[in-house]
Amino acid sequence: MSSHEELVKTLQRDKGTISRSLRTLEARGWLVIGRSSGGKAQHLTLTPEGHKRAGEIAKKLALRDNEQRNKGL
């Protein structure tokens, strides 16, 4: 998934909410919003810091999922 429109469809959220979230991530240096000549968001690219943060989040989610599975045993 690489575009703003794809995120809106996948996450089933309001376009404005997604836009604000993306601008926040861009301001933090975690992603770059590629824009058309008219300024419309066309594609999203994680920065190296964004990849690092995404990896940290993925690890935390995996740990949480494992803990929840172990509690169910």
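## An exposed loop residue

Gln12 is exposed, with a relative accessible area of 66%; exposed means over 50% relative accessible area, buried under 20%, and partly exposed in between (1.4 Å probe, protein chains only). This residue, Gln12, sits in the loop between α1 and α2. Helices (H or I, at least four residues) and strands (E, at least two) are DSSP runs, numbered from the N terminus. Phi of Gln12 is near 50 degrees, which is a positive value in a residue other than glycine. Most residues other than glycine have a negative phi.

## Basis of the model

The model is predicted: local features need pLDDT of at least 70, side-chain atom pairs count only at pLDDT 80 or more, and totals for chains, interfaces and linings use all residues. Residues are numbered from 1 along each chain as its sequence is written, and side-chain values use heavy atoms, with hydrogens and water left out.

## The nonpolar core

The largest nonpolar core has 7 residues in all: Leu7, Val8, Ile18, Leu22, Leu31, Ile33 and Leu44. At least two residues of this core come from each of α1 (4-11), α2 (15-27) and β1 (31-35). Such a core is a set of buried Ala, Val, Leu, Ile, Met, Phe, Trp, Tyr and Cys residues joined through side-chain atoms within 4.5 Å.

## The largest pocket

The largest pocket holds about 230 Å³ of space. On a 1 Å grid over the protein atoms alone, where a 1.4 Å probe is used, a pocket is an open set of points with protein on both sides within 12 Å along at least five of seven lines, and lining residues have an atom within 4 Å of a point. Grid points are joined across faces, edges and corners, and the volume is the space filled by probe spheres set on the points.

Lining this pocket are Leu25, Trp30, Leu31, Leu44, Thr45, Leu46, Gly50, Arg53, Ala54 and Ile57. Two or more lining residues are given by β2 (41-46) and by α3 (48-71), and α3 provides the largest share, 4 residues. By class, the lining has 7 nonpolar, 2 polar and 1 charged residues. Here Ala, Val, Leu, Ile, Met, Phe, Trp, Tyr, Cys and Pro count as nonpolar, Asp, Glu, Lys and Arg as charged, and the others, Gly among them, as polar.

## A buried loop residue

Thr47 belongs to the loop between β2 and α3 and is buried, with a relative accessible area of 14%. Leaving aside neighbours within four places in sequence, Thr47 is in contact (heavy atoms within 4.5 Å) with Gly29, Trp30, Leu31 and Val32. A polar atom of the Thr47 side chain lies 2.6 Å from the backbone oxygen of Gly29. A polar contact is a pair of N or O atoms within 3.5 Å; within protein, one must be able to donate a hydrogen and the other to accept it, and residues adjacent in sequence count only if both atoms are side-chain atoms.

Arg35, in strand β1, is partly exposed, with a relative accessible area of 41%. Not counting residues up to four places away in sequence, Arg35 touches Glu26, Lys40, Ala41 and Gln42. The Arg35 side chain also reaches the backbone oxygen of Gly39 at 3.4 Å.

Gln42 lies in strand β2 and is partly exposed, with a relative accessible area of 47%. Gln42 and Glu5 are 37 residues apart in sequence and 8.3 Å apart in space, C-alpha to C-alpha. Asn70, in helix α3, is exposed, with a relative accessible area of 53%. The C-alpha atoms of Asn70 and Ile33, 37 residues apart along the chain, are separated by 39 Å.
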